[in-house]
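Subject: A structure to look at

Hi,

Here is the structure I promised to hand over. Please open it alongside this message, and then read on for what turned up.

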Amino acid sequence: MTNTTALLASAPLGPLTLPNRLVMAPLTRNRAEADGTPTPLMATYYAQRASAGLIVAEAATPNAVGQTYPNITAVHSARHVAGWRQVTDAVREAGGRMFLQLQHGGRVGHPATSGLTPVAPSPVPLPETIFTPGGHRPAVVPREMTAEDIRTTVADFARAARNALDAGFEGVEVHSANGHLLHQFLAANTNRRTDGYGGPDAGRIRFTAEVTEAVAAEIGAERVGLRISPGNTVNGIAEGGTEEIYTALVDRLGGLGLAYLHQVFADPDDPVFQKIRAGWPGVLIANPVLGEQPTTDTVRRASERLLAAGADLIALGRPFLANPDLVTRLRLGAPLNPVRDRYLMYVGGATGYTDYPALGQETAQPSSSSNVALDGPRVA
Ligand SMILES: Cc1cc2nc3c(=O)[nH]c(=O)nc-3n(C[C@H](O)[C@H](O)[C@H](O)COP(=O)(O)O)c2cc1C
């Protein structure tokens, strides 16, 4: 049994005071309309989880070509902003606060989904199939971004951040993790450029840095977070020199006054985590390494270890997915709901989405059995 006092203590974050140190990690759930507009069902889902210290809402696309999968959210039109507004209103009314994650998929995209040829640092295709409205298809070779593409994409991120604030978010999280466009610039195997955006560390971090700086200039650095996943090989990434690239990134952005840096799969015993903690002067959100079926005890232990190692806030994905009242459960030491069928994560509808019960409502839980052999997108 561990002590949750630190985890449940309030904490400052940019202009906010969070009531606890638990952050709901961004979770793509593919419940938006086909054009990326959030739905009333999404407002219900997020409002159920409003007791999180902070919700980082799922990846939203800043422009049309950045779309990864069907029915993911977007934030580049007035319709998207209006759709998100119902979500942020519902969460605020329930006592919560939200950032929105901005994600450009880069080579993780397909013309069958977006209608456009994906763009990337270099014409290196995803080495696996990709989920589209017509099922899994072979990846296409992305078009290498020109200097003009880079400029317009940076501007699209800044505009998307402004849209997010107009939609009622408190800030945004720039997604430079998990093999998406910004991570593709950081990694040696996906960035073969010979201009100032490739080559040595200073070149490969430049796009992430310029996007983050442009977003900070647009809405204020104290409303901007940055997500990274050092060493993560998801979506065919091989960074080559993980420690060096993130040290360079932290050095370049550490003085900007960002709201936070957010590390995926943070392990307190990992020298890269320790180096990032030592080098980052601001708030560090750590997303621990948990199994497929986290329990109250594994979540508490992993969280407390990371706080002891210097993390300021703890981000949790699947525990929040399956437990709308996760904060209460951790406080009481109550058991967690099991995470149900993986395919339910990425399909439309309320099943496996808004029907995870709060404590005392267990009888409302429908059957978790499913034989549908549909594999959605991978963990984004
Ligand atoms: C269904 C699902 C969707 C995800 N979507 C996103 C996403 O949109 N953006 C992102 O940065 N990470 C995404 N992730 C990764 C999570 O934020 C988190 O880093 C990962 O699940 C590990 O944390 P956990 O063990 O607490 O779930 C997703 C993970 C899952 C399971």
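Let's start with a pair of helices. P40, M42, A43, Y46 and A47 in α1 touch W84, Q86, V87, A90 and V91 in α2. Sorted by class, the residues of this contact between α1 and α2 are 9 nonpolar and 1 polar, with no charged ones. Helix α1 spans residues 40-48 and helix α2 spans residues 78-93; their axes come within 8 Å and cross at roughly 25 degrees. Angles under 35 degrees count as roughly parallel, so α1 and α2 are described as roughly parallel to each other. Their crossing is right-handed.

Before going further, please keep in mind that this is a predicted model. How far does the confidence reach? The chain has a mean pLDDT of 94, and 94% of its residues reach 70 or more. Residues 365-376 are where to be careful, with pLDDT below 50; in the model this stretch has 20 contacts beyond near neighbours in sequence. Where pLDDT is low, the predicted coordinates should not be read in detail.

There is also something from the records. An unreviewed UniProt entry carries the annotation "domain: NADH:flavin oxidoreductase/NADH oxidase N-terminal", which covers residues 13-336.

Now for a second pair of helices. At what angle do α4 and α7 pack? Helix α4 (residues 147-166) and helix α7 (residues 206-219) pack at about 40 degrees, and their axes are 9 Å apart. This makes α4 and α7 oblique to each other, and their crossing is right-handed. On the α4 side the contact involves I150, T153, V154, F157, A158, A161, R162 and L165, which meet F207, E210, V211, A214, V215, E218 and I219 in α7. By class, this contact of α4 with α7 has 11 nonpolar, 1 polar and 3 charged residues.

The last pair is α8 and α9. Helix α8 runs over residues 242-253 and helix α9 over residues 271-279; the angle between them is about 15 degrees, with the axes 10 Å apart. They are therefore roughly parallel to each other, and the crossing of α8 and α9 is right-handed. Which residues meet here, in α8 and in α9? From α8 come T242, E243, Y246, T247 and V250, and from α9 come V272, K275, I276 and G279. The contact of α8 with α9 divides into 4 nonpolar, 3 polar and 2 charged residues.

Enjoy looking around, and do write back with any questions.

Best wishes

Note on methods: Residues are numbered from 1 along each chain as its sequence is written. This is a predicted model: local features need pLDDT of at least 70, side-chain atom pairs count only at pLDDT 80 or more; totals for chains, interfaces and linings use all residues. Side-chain values use heavy atoms; hydrogens and water are left out. Axes are lines fitted to C-alpha atoms, for helices over the stretch in contact, and angles run from 0 to 180 degrees between N-to-C directions. Helices (H or I, at least four residues) and strands (E, at least two) are DSSP runs, numbered from the N terminus. Angles under 35 degrees count as roughly parallel, over 145 as roughly antiparallel, 65 to 115 as roughly perpendicular and the rest as oblique. A crossing is left-handed if the near helix is turned anticlockwise from the far one by less than a right angle, and right-handed if clockwise. Contact means heavy atoms within 4.5 Å. Ala, Val, Leu, Ile, Met, Phe, Trp, Tyr, Cys and Pro count as nonpolar, Asp, Glu, Lys and Arg as charged, and the others, Gly among them, as polar. pLDDT is the predictor's confidence in each residue, from 0 to 100. UniProt positions are given in the numbering used here, feature names are shortened, and annotations may be inferred rather than shown by experiment.
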